[in-house]
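Here's a quick tour of one model, starting with its aromatic rings. Have the structure open as you read.

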Amino acid sequence: MIPYEVEYVRAGSVQQALSVLAQNPDAKILAGGHTLLPMMKLRLARPALLVDIGRLPELRGIAVHQDAISIGSATTHAELEASAELKQLAPLFPLAASVIADPTVRNRGTIGGALVHADPSADWPAVVLAAGAEMEIVGEQGARRIPADEFFVGFMSSAVQPDEVLTRIHVPLPAATRVAYRKFRHPSSGYAVAAAAVAIDVVNDGYAWGRIGITGVAEAAFRATSAEALLEGNFTDIADKVDAIVDAAFVDVSPLEDNFADGAYRLALGRVMLKRALLEALEPRG
Ligand SMILES: Cc1cc2nc3c(=O)[nH]c(=O)nc-3n(C[C@H](O)[C@H](O)[C@H](O)COP(=O)(O)OP(=O)(O)OC[C@H]3O[C@@H](n4cnc5c(N)ncnc54)[C@H](O)[C@@H]3O)c2cc1C
């Protein structure tokens, strides 16, 4: 379908984007456009004005600080996939970026756009949950930080309000190094029918703990906290507990259903993806 006529402004700063949003209730932020523009073509979204933040230098790039990595919201999937700093310090991010859609989508789509849109089958939600990341959101009243656990509030719904901008994603350091991301791709879009992000940390005496993020299976990505409780303990015991951890992760989960995967199939895929991710995370990295 052909998009309807729409006003467009390229913001010169986050502050300018916020004031345009405040003055125009029908305006919407545009980042990579790989979700918003298809929705406009289908008339599922009808903003009167697009406020382009995709090229703002203050929203792009990856900065390493002593206790966290800070990722600009307009950083593309491809930039995250290629980042040498992330490969070394937070390898879960490039792992997941590499399996998002195809190179065209990865070159334009941004982590911020994906997080704000909160598609239940998107990849980044599982990753930020497993990484224990915090999202920095700015509005005219100031900035606030929201932990990933509180960011995804429902079906295609995030904590970011229409008059706010997600500016940065903060990933605490040191990040877990035993990580894995396993995804069953939808054969046409590449979105996750079911995917699991696992991050396990082992401290010197062999004590392990971890976080598990699941996407694709339910109406919003979620942290499998009951499964994480079973994961915690002696690292050498985890391999024996993998099946119990997988069982715990999907108790009480109401699965999504669509033409491609009914609920039972989706849950089964989620279990397989999580089991594979756990086993991969337990392997020593070469
Ligand atoms: C063919 C195809 C295949 C895809 N496959 C996958 C896949 O396998 N996995 C996956 O995870 N995704 C997939 N996607 C989605 C892709 O990753 C999108 O790029 C992403 O979801 C949205 O990012 P964007 O930068 O394009 O956002 P946009 O489309 O520009 O914006 C999306 C929404 O977020 C809002 N927004 C954007 N940035 C901000 C911000 N910083 N602050 C506040 N609001 C903001 C916009 O107003 C809009 O509502 C696919 C898309 C296509 C077209």
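## Aromatic pairs

There are three aromatic pairs here, counting rings of Phe, Tyr and Trp (its six-membered ring) whose centres lie within 6.5 Å, with planes under 30 degrees apart called stacked, over 60 edge-to-face and the rest tilted. F151 and F152 make an edge-to-face pair, since their ring centres sit 5.1 Å apart and their planes meet at 85 degrees. F151 is buried at 0% relative accessibility, and F152 is buried too, at 12% (buried is under 20% relative accessible area, exposed over 50%, partly exposed in between; 1.4 Å probe, protein chains only).

F222 and F250 are also edge-to-face, at 6.5 Å centre to centre and 90 degrees between the planes. This pair links distant parts of the chain, 28 residues apart: F222 is in strand β14 (residues 222–223), F250 in the loop between α11 (238–249) and α12 (263–282). Helices (H or I, at least four residues) and strands (E, at least two) are DSSP runs, numbered from the N terminus. F222 counts as buried at 17% relative accessibility, as does F250 at 8%.

## An exposed leucine

L44 is in the loop between α2 (36–41) and β3 (49–52). With 61% relative accessibility, L44 counts as exposed.

## About the model

The model is predicted, so local features need pLDDT of at least 70 and side-chain atom pairs pLDDT 80 or more, while totals for chains, interfaces and linings use all residues. Residues are numbered from 1 along each chain as its sequence is written, and side-chain values use heavy atoms, leaving out hydrogens and water.
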